[in-house]
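I opened this model to look up a few places in it. My notes follow in the order in which I made them.

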Amino acid sequence: MEESGFESINIIPLVDVMLVLLTIVLTTSTFIATGAIPVQLPKAVNSENAVTEGVIIEIDKSGTLYVEGKPAKLNKLNGLLSPLDRSTPILIRADKSIELQLFVQVMDSVKGLNFRKVSLQTEEAGS
């Protein structure tokens, strides 16, 4: 009995796997670029372009706090922000339906640490 070698390799399954991996990478990068935490921003007539660098603090509709996309507790916010340089820009993205008290507590923590560049992201209101 004689063994025969491979005359050709079927690469179609390899191409299929690579296309699936490419789709996963592109989908993941889209979530990272646009922010995966759903936040309905409040509308403002005089809204400015938000900073794109620095630390992003997000508060979703249920009141969950996120720092750089990771869930955080309000009482741990000072500990997370205190090692940062005080000139680091802080961007707050808060859902328009959260309780005002929660937003005030977050702002109080950030301002209490004497950060100089703090901004609130809003959507431009339609004319």
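Before starting I wrote down the cut-offs: buried means under 20% relative accessible area, exposed means over 50%, and partly exposed lies in between (1.4 Å probe, protein chains only). The model is predicted, so local features need pLDDT of at least 70 and side-chain atom pairs count only at pLDDT 80 or more, while totals for chains, interfaces and linings use all residues. Residues are numbered from 1 along each chain as its sequence is written, and side-chain values use heavy atoms, with hydrogens and water left out.

**Entry: I24.** I found I24 in helix α1 (residues 12-34). Helices here are DSSP runs of H or I with at least four residues, strands are runs of E with at least two, and both are numbered from the N terminus. I24 is partly exposed because its relative accessible area is 47%.

**Entry: L77.** I looked up L77 in helix α2 (residues 77-81). Is L77 buried or exposed? L77 is buried, with a relative accessible area of 0%. I noted its contacts (heavy atoms within 4.5 Å). Apart from neighbours within four places in sequence, L77 is in contact with I57, L65, V67, V106 and S109. I also checked L77 against V110: they are 33 residues apart in sequence, and their C-alpha atoms are 8.3 Å apart in space.

**Entry: S109.** I placed S109 in helix α3 (residues 100-112). S109 counts as buried, because its relative accessibility is 14%. Not counting residues up to four places away in sequence, S109 touches L77 and N78.

**Entry: strand β5.** I asked how many of the 5 residues of β5 (residues 90-94) are buried. The count is 5 of the 5, so the strand is largely enclosed by the rest of the structure. In a regular strand the side chains alternate between the two faces of the sheet. In β5, I90, I92 and A94 point one way, and L91 and R93 point the other way.

**Entry: partners of β5.** I took two strands as paired if DSSP finds at least two bridges between them. Strand β2 (residues 55-59) runs parallel to β5 and is joined to it by 5 bridges. I59 has A94 in β5 as its bridge partner. Strand β6 (residues 118-120) also runs parallel to β5, with 3 bridges joining them. In that pair, I90 stands opposite V118 of β6. From β5 the chain crosses through α3 to β6, and this β-α-β crossover is right-handed (with the strands pointing away from the viewer, the path from the first strand over the helix to the second runs clockwise).
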